[in-house]
Amino acid sequence: MWQYEKKLQYPVNIKTPNAKLAKIIISQLGGPDGELSASLRYLNQRYAMPYGEVKGLLTDIGTEELAHFEMISAILYQLTKDLSIEEIKKSGFDTYFVDHTTGIYPVAASGTPFTAAYFQSKGDIITDLSEDMAAEQKARTTYDNILRLADDPDVRDPIRFLREREIVHYQRFGEALRIAQDKLDSKNFYACNPSFDKNCGMKK
């Protein structure tokens, strides 16, 4: 059960619509390393985690990623609000517009719709946490690329915040991996799944 506070985690106040920026930022909504895949990844992985502190971490970060999904949606809404048809044509936003008008829909910058194939849930603590660390670094890289292309300070400010949170999440998942390794037999923790291989990975 969650308690939802009806405000963004970090403010988004964009004064100048810019469909070209929306076209690239949308990747962090529904792209391969975006916020939707992150939230679903962690909130699904949490059930198979054998340690309460790691399960709690995945719940916390998965929930925060939903807040980031909300922030990206707000950025996209403000970047595309009140665009004229001429602005839509000139910016190249017409290919998105023809299918979704200016509604928020999870796609990558390439135009590929979101797919659950973007994330994995293996039910193996080492496998899942290793993927989670890599996912946070890929998201950080995507935000870096967006910052290289965005010059509006009203856009850059919340994007920088989101980038910083990816770094924090990477560090937290690193801590979770150390917790798992401390609880597993160090001779075997890369070779078995403690949920199934009972005699392989648990300290006696």
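Is Tyr96 buried or exposed, and what is its relative accessibility? At 11% relative accessibility, Tyr96 counts as buried, a class that means under 20% relative accessible area, with exposed over 50% and partly exposed in between (1.4 Å probe, protein chains only). The model is predicted, so local features need pLDDT of at least 70 and side-chain atom pairs count only at pLDDT 80 or more, while totals for chains, interfaces and linings use all residues. Residues are numbered from 1 along each chain as its sequence is written, and side-chain values use heavy atoms, with hydrogens and water left out.

**View 1. Helix H3 against helix H7.** Helix H3 spans residues 35–45 and helix H7 residues 125–149; helices here are DSSP runs (H or I, at least four residues) and strands are E runs of at least two, numbered from the N terminus. The two axes come within 11 Å and cross at roughly 165°, where axes are lines fitted to C-alpha atoms, for helices over the stretch in contact, and angles run from 0 to 180 degrees between N-to-C directions. H3 is therefore roughly antiparallel to H7 (under 35 degrees is roughly parallel, over 145 roughly antiparallel, 65 to 115 roughly perpendicular, the rest oblique).

**View 2. Residues between H3 and H7.** From H3, Glu35, Arg41, Tyr42 and Gln45 meet Asp128, Glu131, Asp132, Ala135, Glu136 and Tyr143 of H7, contact meaning heavy atoms within 4.5 Å. These residues divide into 3 nonpolar, 1 polar and 6 charged (Ala, Val, Leu, Ile, Met, Phe, Trp, Tyr, Cys and Pro are nonpolar; Asp, Glu, Lys and Arg are charged; the others, Gly among them, are polar).

**View 3. Two loop residues with positive phi.** Asp82 lies in the loop between helix H4 (52–80) and helix H5 (85–91). Its phi is near 65°, a positive value in a residue other than glycine. Asp82 counts as exposed because its relative accessibility is 69%. Thr101, in the loop between helix H6 (94–100) and H7, has a phi near 55°, likewise positive in a residue other than glycine. With 46% relative accessibility, Thr101 counts as partly exposed.

**View 4. Aromatic pairs.** The count comes to 4 aromatic pairs, for which ring centres of Phe, Tyr and Trp (its six-membered ring) lie within 6.5 Å; planes under 30 degrees apart are stacked, over 60 edge-to-face and the rest tilted. One of them joins Phe93 and Tyr96 in a tilted arrangement, 4.9 Å centre to centre with 35° between the planes. Phe93 is buried, at 4% relative accessibility. Phe114 and Tyr118 form an edge-to-face pair, 5.8 Å centre to centre with 70° between the planes. Phe114 is partly exposed, with a relative accessible area of 22%.
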